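Here is a friendly note to read with the structure open beside you.

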Amino acid sequence: MLNPDLLRYDLHNLAKKLLKKGFELDTLQISSMEEERKNLQIKTETLQCQHNILSNLVKNAKFLKKKDELLKQKVIKSNKNLHLFQMKLKRLQEKIHNFSILIPNFPSEDIPEGKNYCDNKIIKCWGEKRNYNFEIKDHIEIGKKYNGLDWQSSAHISGARFVVMKGNIALLHRALSQFMLDLHTTSHGYIEVYVPYLVNRNSLYGTGQLPKFSDDLFHIKSSNKDNYILIPTAEVPLTNLVSNQIVNEKVLPIMLTAHTPCFRSEASSYGRDTKGLIRLHQFDKVELVQIIQPEKSKKALEQLTNHAEKVLKLLELPYRKMLLCAGEISFAASKTYDLEVWFPSQKKYREVSSCSNMLDFQARRMKARYRNNITKKTCFLHTLNGSGLAVGRTLAAILENYQCSDGRIEVPKILQKYMQNLKFIN
């Protein structure tokens, strides 16, 4: 949620920023509601003051043992008027709140303008693409050849956009997760966390998935009438660990990582990437989250992105770092880097990590604050998150980039100790 002061005192400048993101802010509606709110608030405060004066007069009359029926009637009438205006103000504040929660975060000034993928900026390319003197296969063919990616069984037991992994490919999938967690906890300073995969609506509201993106989530209705939702990313439970809290500045930055399955209905991407590991309803991801002071979040985004890049470098997978344009960043993000790994079968880069700075957007929704050690004032935190990395997509990239002319798949050196010292999948 945006700082309400932006809607009250910097509305037209905010509208210009949001327009870069493709969001047209209804300035007339919010201005009208804010004007009505101010008038109602002044009237309510005036009535409250008058009511307090009358109530004190009644108390004094009782103390002096005087009977004043007219005064009592005035108090009753004053209380009714006050309650009426309080209810009007409450309903209007709820209306403004419901309007505000659908407004996205504004884009950072240092990102390119643009509407789609073509307007993103290439920051750098890393690694050399391999030259193949044989006909290369995509990860779907490779998985089928080794009976390691079983689409037929997953379709039978679940449906489309699920996968069953077997044998050494399942082992490779597990090895990747373990390697990423070890790297982030031992080298990058993150604390490993095990989190629930089912969360409540408040948690998804806090990180910005609700109410706007309800159709992209899997909703669970249980017999005890508690409604749960499967997590679309570990960002949700990890970031909500500080919801409704005031943390001591001494514990900042909070750096967390978790390996979880992620569940997405992909309603907004219907028809895209229906085959393979690129876009599944259930996939694994190692998530990185940082919770930090506002003045340090800009630098923290660069650090978090570097941590995700390190995974690709150690796996020796060619990739490129993209700065997303204003029209491409997510609802809650202000600035985002995408890391795209090279897929030789497609001869193009595909996203394997998205690292974003949310500023105080999520913290305001979650009421997550910290107490400044010097001023002792409470301020809203800044939150950041990123994939470090998406496990299935990284697996697919390894199967394609490490295929050999004899049909074997070379295991990246960094992963061999996680795979019983296996050097090749054959």
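Strands here are DSSP runs of E with at least two residues, and they are numbered from the N terminus. Please keep in mind that this is a predicted model.

1. **A residue between two strands.** With that naming in hand, look at Leu 381, which sits in the loop between β15 (378-380) and β16 (382-390). Is Leu 381 buried or exposed? Its relative accessible area is 0%, and the cut-off for buried is under 20%, so Leu 381 counts as buried.

2. **What surrounds Leu 381.** Leaving aside residues up to four places away in sequence, Leu 381 touches Val 242, Val 247, Leu 252, Ile 291, Ile 292, Leu 359, Asp 360, Ala 363, Ala 368, Arg 369 and Tyr 370. For a sense of distance, Glu 309 is 72 residues from Leu 381 in sequence, and their C-alpha atoms are 25 Å apart in space.

3. **The helix pair.** Helix α7 (residues 167-186) packs with helix α12 (residues 391-401) at an angle of about 120°, and their axes are 10 Å apart. Because of that angle, α7 is oblique to α12. The crossing of these two helices, α7 and α12, is right-handed.

4. **Where the helices meet.** From α7 come Ile 169, Leu 172, His 173, Leu 176, Ser 177 and Met 180; from α12 come Val 391, Gly 392, Thr 394, Leu 395, Ile 398 and Leu 399. Sorted by class, this contact of α7 with α12 has 8 nonpolar residues, 4 polar ones and no charged ones.

5. **Cis peptide bonds.** Leu 210 and Pro 211 are joined by a cis bond with omega of about 10°, and Pro 211 lies in the loop between α8 (201-207) and β6 (219-221). The bond from Gly 388 to Leu 389 is cis as well, with omega near 15°; Leu 389 is in strand β16.

6. **Positive phi at two lysines.** Most residues other than glycine have a negative phi. Lys 347, in the loop between β12 (335-343) and β13 (348-357), has a positive phi of about 55°. This residue, Lys 347, is exposed, with a relative accessible area of 67%. Lys 367 has a positive phi near 60° and is found in the loop between α11 (361-366) and β14 (368-371). At 49% relative accessibility, Lys 367 counts as partly exposed.

Notes:
Residues numbered from 1 in each chain as written. Predicted model: local features only at pLDDT ≥ 70, side-chain atom pairs only at ≥ 80, totals over all residues. Heavy atoms only, no water. Axes fitted to C-alpha atoms, helices over the stretch in contact; angles between N-to-C directions. Helix = DSSP H or I, 4+ residues; strand = E, 2+ residues; numbered from the N terminus. Parallel < 35°, antiparallel > 145°, perpendicular 65-115°, else oblique. Left-handed = near helix turned anticlockwise from the far one by under 90°. Contact = heavy atoms within 4.5 Å. Nonpolar A, V, L, I, M, F, W, Y, C, P; charged D, E, K, R; others polar. Buried < 20%, exposed > 50% of the residue type's maximum accessible area, 1.4 Å probe, protein only.
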